[in-house]
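Open the model in your viewer and keep the selection tool ready. We will go from stop to stop.

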Amino acid sequence: MQITLVTVGSRGDVQPYVALGCGLQAAGYRVRLATHDSFQSFVRSWGLDFAPIAGNPQQIMQTDAGRSWTESGRNPLRFMRRLQELLGPAVLQMGADIRDACRGSDLLVYSTLGFVTFYVGREMGVPVVAAPLQPTQRTRAFPNISFPQHLPLGPWLNYLSHVVAEQLFWQPVRPVVNQWLVEALGVAPEGLLGPFHRLHHNGPPVIYGFSPTVVPPPRDWGGRTHVAGYWFLDQQARWTPPADLLAFLDAGPAPVYIGFGSMAGRRPEETTRIVRHALALSGLRAVVLRGWGALERADFGPDVFVVDSVPHDWLFPRVAAVVHHGGAGTTAAGLRAGAPSVLIPFFSDQNFWGERVHALGAGPAPLPRSRLTAAALAAALLEATGNATIEARAAAVGRHIRAEDGVARAVSLLEHYAA
């Protein structure tokens, strides 16, 4: 059986799918992973077949539109408008690439931004499974991930927030998606309100790639929705740490980790100054990841080790706390390591994960990037590394997550829906 996995986005959107692909391949399936060409060598290095999808996420995030997108904060309208500026022009080519990648497949599995795979599967008569890394379905249990989670909206307003978010996404991309449906697939365009009501009531099965410890499945998601657990790709066995990093770790108390992954933003020099000042105020050692440009190259001093990349599964169990932007993958890695987490959300679901970590007791309240100061970051660092309750809760959450096997659970579910 040929299974094609489709994912669009940054490294955090691709790496879990590589882990899932490896699990499926170990179970005896032929696996193709369709994503951006910049990840081709990474995908192939794990023995998976690869198919390209248009777009280079890192280059896109360095554009004015990309940097503006990361600064949309808690404003869902601004977030969706900026997403349309980034995604809209690429939909036609992405659709063509995904269609090519899916030919000859017996089962299609897609991430949130790979949503056109649903239409490709319907055209080809191939079973389709949605496999998001964030909760995307309507529920009365909590608001849509684009909305603040701490507001006491109640069940009906929670549900309405999902409907509103669907339309905030759909209306900007509706013209180009409908153009693709008519011109490429030769099918009728979607109506004014899009496919969401149909998908909610009679859509494909959904397998979520996050932990039920972190987001327990609401009762109103139904029997065809599953929270499988995180899809971790353990890399430390394939990675040799540099001698100077090992020497730094051995030279003093466990440092904190600070990194903002694929985030860029318009003010990397300001973020760098804030981080440097916060570390000086807190007196903590740190390993700092430059990422895609949220932090500048700078002299942080002898108590800070700067890296361009390091596997989270190797580093995070060795640090006193994890400070990051709140991407789904980094959040998962920090929680699994049992390290207290300080989340500095830039936008969208990062706010959701920040509030979930705080609700679990595994870290202090999130610090939105728009309100970040050196004093606030230093206070959060000292709370994360000096609060015994947070340390105990983070350790307990880590034990629960390490006892789960999200890849094995997802593979079992996919086998069920492919049968």
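Start with Val 164, which sits in helix H8 (residues 155–185). Helices (H or I, at least four residues) and strands (E, at least two) are DSSP runs, numbered from the N terminus. This is a predicted model: local features need pLDDT of at least 70, side-chain atom pairs count only at pLDDT 80 or more, and totals for chains, interfaces and linings use all residues. Residues are numbered from 1 along each chain as its sequence is written, and side-chain values use heavy atoms, leaving out hydrogens and water.

Val 164 is partly exposed, at 36% relative accessibility. Buried means under 20% relative accessible area, exposed over 50%, and partly exposed in between (1.4 Å probe, protein chains only).

Stay in H8 and select Glu 166, then Arg 138. Their side chains meet in a salt bridge (2.8 Å, N to O). That term means a side-chain nitrogen of Lys or Arg within 4 Å of a carboxyl oxygen of Asp or Glu. Glu 166 is in helix H8, while Arg 138 is in the loop between strand E5 (128–130) and H8, 28 residues apart. Both Glu 166 and Arg 138 are buried.

Next, select Arg 140 and Asp 220. Here is another salt bridge (3.9 Å, N to O). Arg 140 lies in the loop between E5 and H8, and Asp 220 in the loop between strand E6 (206–208) and strand E7 (225–227), so the pair ties together parts 80 residues apart in sequence. Arg 140 is partly exposed at 33%, and Asp 220 is partly exposed at 30%.

Last stop: Arg 369 and Glu 270. Their side chains form a salt bridge too (2.8 Å, N to O). Arg 369 is buried at 7%, whereas Glu 270 is partly exposed at 25%.
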